[in-house]
Amino acid sequence: MKKFAINPNNCDKSPGCPVRRECPSHAILEMDGVYYIDMDVCRGCGLCVKVCPRNAVEESAS
Ligand code: SF4
């Protein structure tokens, strides 16, 4: 399964984040104002890469 991560340098932490809205697994969580992907529920579909307007979601190597 592919794995993805949110690059905090590109993420603007928008409260209207389309990635949070569109993720079919509701895998985008927030801690201390930083968005991250909960890999326990992510299904690896890659939709987040397509919907982020700031290209903040990247496929991770591992
Ligand atoms: S890969 Fe799919 S399930 Fe995983 S965080 Fe991205 S949109 Fe959600």
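Mentor: One begins with the term itself: a cavity is a set of grid points where a 1.4 Å probe fits but cannot get out. Rolling a probe the size of a water molecule over the atoms shows where empty space is left. Please keep in mind that this is a predicted model.

Trainee: How many cavities of 30 Å³ or more does the structure hold?

Mentor: The structure holds one cavity of that size. About 80 Å³ of space lies in the largest cavity.

Trainee: Which residues line the largest cavity?

Mentor: The lining includes Cys23, Pro24, Ser25, Ala27, Ile28 and Ile37. Also among the lining residues are Cys42, Arg43, Gly44, Cys45, Gly46 and Cys48. By class, eight residues of this lining are nonpolar, three are polar and one is charged.

Trainee: Where does the ligand sit?

Mentor: The ligand sits in the largest cavity. There are 14 residues around the ligand, and those that come nearest are Cys23, Cys42, Cys45, Gly46 and Cys48. The shell around the ligand comprises ten nonpolar residues, three polar and one charged.

Trainee: Why does Cys23 count as buried?

Mentor: The cut-off for a buried residue is under 20% relative accessible area. Cys23 counts as buried because its relative accessibility is 13%. Cys48 is likewise buried, because its relative accessible area is 13%.

Trainee: With several cysteines named, how many disulfides does a search of the whole structure find?

Mentor: The test is a distance between two cysteine sulfur atoms, with a cut-off of within 2.5 Å. A search of the whole structure finds zero disulfides.

How values were computed. Residues are numbered from 1 along each chain as its sequence is written. This is a predicted model: local features need pLDDT of at least 70, side-chain atom pairs count only at pLDDT 80 or more; totals for chains, interfaces and linings use all residues. Side-chain values use heavy atoms; hydrogens and water are left out. A residue is near a molecule or strand if one of its heavy atoms lies within 4 Å of it. On a 1 Å grid over the protein atoms alone, a cavity is a set of points where a 1.4 Å probe fits but cannot get out, and a pocket is an open set with protein on both sides within 12 Å along at least five of seven lines; lining residues have an atom within 4 Å of a point. A molecule sits in a cavity or pocket if more than half of its atoms lie within 2 Å of its grid points. Ala, Val, Leu, Ile, Met, Phe, Trp, Tyr, Cys and Pro count as nonpolar, Asp, Glu, Lys and Arg as charged, and the others, Gly among them, as polar. Buried means under 20% relative accessible area, exposed over 50%, partly exposed in between (1.4 Å probe, protein chains only). Grid points are joined across faces, edges and corners, and a volume is the space filled by probe spheres set on the points.
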